[in-house]
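Please read the following report on charged side chains and helix packing alongside the sequence and the model.

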Amino acid sequence: SMLRDLDDQSLETLAPHCPSLTTIAVRECRQLTDRSIMALAQHCPSLTSVDLSGCHQLSDRSIEALAQYCRSLTDIDLTMCFQLGDRSIQALARHC
């Protein structure tokens, strides 16, 4: 799908204009890195549901930012996010 071509620059441009965004699904957007997910977290604090499955480049930094800024987060899909470790789980447990 075209969404799979979504990159950091596109998401970083979009995020500041969507402060009330509650749900986003960027499944298998393999070009996305921590840079754009951290921007998304900072600009979209109302997020409750995030699907990042198949976003292989993401690290714990992305999940820590989502946990820190998006305190209403109740649903997060991290399937096939192979670089994530204990820090992600700890951040979600601590903040969400």
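Arg27 has a relative accessibility of 44% and therefore counts as partly exposed, a class lying between buried (under 20% relative accessible area) and exposed (over 50%), with a 1.4 Å probe and protein chains only. The model is predicted, so that local features need pLDDT of at least 70 and side-chain atom pairs pLDDT 80 or more, whereas totals for chains, interfaces and linings use all residues. Residues are numbered from 1 along each chain as its sequence is written, and side-chain values use heavy atoms, leaving out hydrogens and water.

A salt bridge is taken as a side-chain nitrogen of Lys or Arg within 4 Å of a carboxyl oxygen of Asp or Glu, and the count comes to five; among them are these pairs.

| Pair | N to O distance |
|---|---|
| Arg27 and Asp77 | 3.6 Å |
| Glu28 and Arg30 | 3.7 Å |
| Glu64 and Arg87 | 2.7 Å |

Arg27, Asp51 and Asp77 are linked in a network of salt bridges.

Helix 3 (residues 60–69) and helix 4 (residues 86–95) pack at about 0°, their axes 8 Å apart, and are therefore roughly parallel, a term for angles under 35 degrees. Contact, meaning heavy atoms within 4.5 Å, involves residues including Glu64 of helix 3 and Arg87 of helix 4.

Terms used:
Axes fitted to C-alpha atoms, helices over the stretch in contact; angles between N-to-C directions. Helix = DSSP H or I, 4+ residues; strand = E, 2+ residues; numbered from the N terminus. Parallel < 35°, antiparallel > 145°, perpendicular 65-115°, else oblique.
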